[in-house]
Amino acid sequence: MNADNRKGELVELKNQLRQLAGSRAPGVEDVKRELYKKVISYMTIGIDVSSLFGEMVMCSATSDLVLKKMCYLYVGNYARGHPDLALLTINFLQKDCHDEDPMIRGLALRSLCSLRVMNLVEYLVGPLHAGLKDSNGYVRTVAAMGVLKLYHISPSSCTDNDFPATLKTQLLQDSDAQVVANCLCALQEIYLAEASRSDGSLKDRDSLYTTSVIYLLINRIKDFSEWAQCLVLDVVSKYVSSNPEESFKMMDILEDRLQHANSAVVLATIKVFLHLTLSMADIHQQVYERIKAPLLTLVSSGSVEQSYAVISHLHLLVLRAPTVFASEYKHFYCRYSDPSYVKKLKLEMLTAIANESNTYEIVTELCEYAANVDVAIARESIRAVGKIALQQYDVNAIVDRLLQFLEMEKDYVTAETLVLVKDLLRKYPQWSHDCIAVVGNVSSKNVTEPKAKAALVWMLGEYAYDMLDAPYVLEGFVENWAEEESAEVRLELLTAVTKIFFKRPPESIKMLGAALAAGLADAHQDVHDRALLYYRLLQQGVEIAERVVNPPKQAVSVFADTQSSEIRDRIFDEFNSLAVVYQEPSYMFLDKEHRGPIELTEDTGILPMDSKLSDDVLPSQHVEANDNDLLLSASEREESRGGVGNGSYAYSGPDLSGFDTPSPAAPSNNASLSSTSHTSPAIDDLLGLTFPAAPVPTSPSLKLKPKPLLDPATFQRKWSQLTIASTLDHTLSQPAALPSPQPLLRHMQAHSIECMASGGQAPKFKFFFFAQVADSPPSTGFFLVEFVVNTSSGISQAKVKADNADLVTAFGNLFVSTLRKFGSS
Amino acid sequence: MPVAASAVYFLNLRGDVLINRMYRDDVGGNMVDAFRTHIMQTKELGTCPVRQIGGCSFLYMRISNVYIVTVVSSNANAACAFKFVVEAVALFKSYFGGAFDEDAIRNNFVLIYELLDEIMDFGYPQNLSPEILKLYITQEGVRSPFSSKQQDTRPPANATLQVTGAVGWRREGLVYKKNEVFLDIVESVNLLMSQKGTTLRCDVTGKILMKCFLSGMPDLKLGLNDKIGLEKEAQAKARPSRSGKTIELDDVTFHQCVNLTRFNTEKTVSFVPPDGEFELMKYRITEGINLPFRVLPSIKELGRTRMEVNVKVKSVFGAKMFALGVVVKVPVPKHTAKASFQVSSGRAKYNAALDCLVWKVRKFPGQTELTMSAEVELISTMVEKKSWTRPPIQMEFQVPMFTASGLRVRFLKVWEKSGYNTVEWVRYITRAGSYEIRC
């Protein structure tokens with residue numbers, strides 16, 4: 001249908017409606033119905049039919065219920081765009097609000113509240129008051145929700161008319177359970193919004209979580225519909241019980257909810273139980289035992305989507321209490337027909353619950369999946385085997401399995417396995433003999449993925465003594481330097497070649513020269529810098545270089561966790577919500593405009609310093625990210641940073657012929673290397689620690705960007721990467737001027753220092769600020785500040801981190817002077 | 001906050017909007033487009049039913065040829081949202097009488113809007129019980145039965161209760177000439193067996209479906225041969241529990257009509273049933289399962305272009321019973337050229353779309369052994385020896401009058417104050433859930 005055509009139809013519809021408006025002929029209702037249907041179907045597919053508004057309203061004076069409903073639907077959709085015309089509908093809606101039939105009263109009231117037109121708010125108040133007092137429960141349910149709608153149109157007219165208080169009374173007294181439920185959700189939303197609108201106090205909302213309200217709700221739990229039960233149970237889970245007896249009593253009453261057919265009710269009940277018992281470790285454990293069976297039933301019933309929602313929660317619980325679920329491992333076996341998002345969760349659960357008694361079965365099963373047709377899942381399974389190997393003490397059998405993977409001769413299997421074997425060797429060096437024998441047989445031509453290549457290269461360098469042909473394999477890699485696309489592999493290659501040089505110099509000296517030359521000519525900055533670093537180290541003397549590049553290694557005992565426990569606790573707090581499905585706390589994924597500055601709860605910072613890449617959803621990515629870091633031993637990492645930091649030094653072209661035996665080379669270039677940054681004692685300043693002697697170039701004219709932009713995820717990443725560059729203590733001159741954080745935020749903002757998050761309660765507040773150097777390119781030149789202030793004493797402390805450490809002092813001065821201005825202004 | 005859905009959309013497979021109901025203003029009007037461009041038209045479709053686009057979360061599921069998308073902007077409850085959609089679809093079905101698909105939606109869109117308006121208000125689920133909604137939402141658009149304009153001068157006292165659902169599942173004053181109860185125990189048995197014939201995983205998920213045509217407000221009591229119930233009974237009567245098989249249920253969930261308190265104290269299932277069809281309970285069993293079929297496959301690869309497949313299927317249920325619609329799917333490599341078969345019963349052929357040999361036996365008697373042997377010819381490919389990963393053999397079947405768990409109904413008592421007689425019908429059936437045998 002083209003535009004003209006459509007326009008013509010609309011005009012025709014308009015005319016027809018107009019003709020019918022006044023008509024009282026018999027059968028006219030049926031004609032109207034057909035026309036209305038047409039209008040609604042246009043509306044559905046997204047055609048703008050708002051031009052018919054006047055005609056639609058004129059025709060709506062009818063006693064036909066279906067016609068009425070269609071009209072209300074239409075009006076509700078377009079009233080906002082036509083506030084003046086919407087006024088026309090008010091009249092008959094108000095009339096209907098007094099109809100004898102409660103269904104019509106309810107319907108009219110609901111439609112009235114759905115108009116969402118600011119200047120019609122005055123017409124809402126009366127009918128709402130009447131509706132809340134209506135003798136019919138249906139009308140009251142509609143009215144309770146209507147109050148919430150009113151609040152969203154105009155908060156002030158809602159609160160001014162005392163609606164929240166009325167709802168509160170209704171909540172406690174109404175005989176109809178659905179009315180109570182609707183009051184409850186309306187009040188929760190209103191109180192929460194009010195709190196963020198005014199002073200941020202949640203006192204009102206917390207008044208919902210008091211003993212009297214909670215008991216009332218629990219005692220009536222069976223009256224509520226399953227949906228209302230979800231809501232009520234969610235409210236109950238926020239209640240903090242005063243003593244264990246009370247918790248037991250509550251759980252007694254609610255226990256039969258675990259048998260409910262609605263998975264949402266069961267999950268909500270589980271949340272209540274888990275939260276009630278948080279402080280009682282042994283009971284908490286028993287709760288896990290109790291909820292195991294219902295959860296497993298829910299997983300295997302209902303549609304795939306429903307079971308996915310449940311399995312995400314099960315996943316969370318399994319990771320928290322793996323031992324409880326260890327005996328149920330067979331439930332987590334994948335079905336061939338499971339969608340891959342379910343399989344992935346199941347694999348992670350299998351990994352988590354593996355212990356001495358079931359490892360054999362689990363690993364056997366996982367090996368089956370490695371041959372799975374679904375490549376992504378096959379990879380996941382291999383990784384899972386590796387993870388189990390890393391968390392077990394008795395890895396004997398698993399190592400054999402892993403090595404068998406290499407014999408399957410599938411590229412992706414080989415690739416994944418190599419990465420795992422590398423990790424395994426770092427934890428259990430004693431296995432090197434067995435592994436290396438097999439890895440040595442892997443033809444390097446079959447390894448194409450960068451990660452796998454890097455792993456192979458690392459092993460070649462590390463176990464050069466055990467692999468006879470290691471130098472020659474590496475030589476092949478060096479010869480193909482130009483074709484190697486991945487910088488990761490090239491970096492690893494440099495290290496491996498250098499290491500092998502210390503171990504088997506005669507065979508590798510030529511290759512080392514070639515590799516360093518290629519590295520220095522490399523376009524990638526990191527590769528170039530590492531090559532230069534090694535070159536200079538070697539100039540300092542082979543022994544020194546060996547001490548740095550190839551020191552004796554300690555086995556890694558524990559690999560860094562992928563998600564900080566703090567994040568996991570936050571997700572657990574939000575049990576039974578999308579946070580669990582996404583595996584990240586809700587503040588990370590909710591819309592930015594809804595988000596505003598993140599609120600800190602009490603004194604627990606929302607920005608955990610140790611959080612690792614918490615914005616990554618997929619755990620597998622975490623693993624890879626970690627691999628990157630961990631591939632380098634600690635000292636190596638420092639080295640490479642040193643290299644980067646040193647990139648600005650002028651250097652005379654390295655002369656590779658300068659050393660051709662592994663004897664200490666003459667320190668010819670020593671002068672240019674004076675600044676100590678290569679040897680380990682002076683590494684500190686590279687990491688940004690304050691170095692008292694280091695002269696900081698003060699730039700008095702530090703200018704900040706007026707409106708710096710930084711998203712929370714980046715802030716967090718930067719915060720965890722950077723170290724504290726400076727700590728500033730300052731006493732506010734007028735501490736009393738800070739009853740709430742808002743004035744300070746505005747003041748700082750006026751001086752180009754933005755707030756990322758704030759929180760705390762009087763007298764102690766905590767802020768995270770950030771600012772950016774003017775004219776710096778996006779995502780660089782940031783200053784991050786953690787600012788803690790005690791408003792009663794006026795003592796404050798700011799911890800500053802910066803992208804550019806040189807400017808810290810200048811920024812510190814600016815920050816303090818800004819604070820000072822706040823006191824005096 | 002349980003759900004607070006901002007909008008609900010129904011789309012067909014091409015992405016055309018069938019139904020579009022906005023409940024809140026906190027999401028933009030272009031959410032359908034977002035769903036279409038970011039999910040439907042990408043490989044993302046089917047990778048995960050919960051996705052986030054631009055700060056909004058999309059929870060979607062496909063039902064026949066329709067996508068139902070719930071859009072939320074808050075940290076909603078996913079389980080609740082999916083359950084709501086499932087229940088809503090059941091409700092629509094009960095209105096349309098049967099199918100829920102694109103055509104049904106197009107034909108009934110006014111009714112659907114009407115219902116959507118009623119079952120969710122401002123994003124919060126309200127009353128979804130078909131029993132109650134049918135009292136006042138009818139396709140004819142008549143006035144509600146409580147309207148004082150009609151015969152009655154004032155609404156009956158309990159009507160209010162019904163609409164807002166205190167005893168939401170049954171209305172009073174039902175009359176049937178013939179009082180009948182139908183009870184079906186439907187079990188689906190899930191199996192995962194290794195090449196060596198050891199059971200890796202086996203469980204039964206069962207449900208009891210009921211259809212009640214009973215007058216008045218009857219009280220029903222159901223007795224099963226499950227362990228807990230029997231032990232409780234034996235205790236109460238102070239005599240040892242009867243010999244015979246008892247079943248251990250791992251877990252049970254009930255329809256909201258079942259008095260859970262009484263189940264927990266007395267271990268009897270007692271309830272006032274809704275009128276018509278409903279699912280009384282669901283259960284799960286992992287111990288003591290009688291597998292109806294044993295499958296003994298042998299697959300030999302003879303050289304690069306030939307395979308020999310031999311599948312022996314043995315029915316291990318009673319000789320007087322029989323299974324219906326038995327299908328055995330044996331996977332073969334993608335480059336299969338053709339296959340020739342020999343079967344002792346039924347028909348077999350090669351299905352290239354599934355990459356499977358499909359062997360169908362319409363009626364499979366108990367205690368018998370049937371075999372299929374096939375010679376499979378493969379196209380010789382240039383791709384060298386890449387070993388073929390074999391998906392498991394899958395089986396479908398239905399066995400009437402058989403329960404894999406051994407669960408039986410011991411009694412079903414109907415009690416109503418008028419004391420009428422009822423006819424009770426009990427049926428059993430076991431189906432294949434995911435019945436997989438690795439080969």
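Modeller: What follows takes up some terms in turn, and please keep in mind that this is a predicted model.

Colleague: Why is the meeting of B:Glu118 and A:Arg110 called a salt bridge?

Modeller: The term asks for a side-chain nitrogen of Lys or Arg within 4 Å of a carboxyl oxygen of Asp or Glu. Between chain B and chain A the count is seven salt bridges, and helix 2 (residues 78-96) of chain B gives the most to the side of chain B that touches chain A, with eight residues.

Colleague: How do you know how much area chain B and chain A bury between them?

Modeller: Buried area is the accessible area that two parts lose on being put together, summed over both. For chain B and chain A this comes to about 8,100 Å², with 54% of it on carbon and sulfur atoms. On the side of chain B, the residues that lose the most area to chain A are B:Asn75, B:Phe122 and B:Arg201, together 8% of what that side buries.

Colleague: What makes strand 10 and strand 12 of chain B a pair?

Modeller: Two strands pair if there are at least two bridges between them, and strand 10 (residues 219-224) and strand 12 of chain B have three bridges in the antiparallel sense, so they count as paired. In one of these strands, strand 12 of chain B, B:Val269 is the bridge partner of B:Leu222.

Colleague: Why are strand 12 and strand 22 of chain B said to stand at the edges?

Modeller: The open sheet has the order 12-10-22 in chain B. Strand 12 (269-271) and strand 22 (409-415) each have a single partner strand, so one side of each is left without a neighbour in the sheet.

Terms used
Residues numbered from 1 in each chain as written. Chains lettered and ligands numbered in written order. Predicted model: local features only at pLDDT ≥ 70, side-chain atom pairs only at ≥ 80, totals over all residues. Heavy atoms only, no water. Helix = DSSP H or I, 4+ residues; strand = E, 2+ residues; numbered from the N terminus. Buried area = accessible area lost by both parts, 1.4 Å probe.
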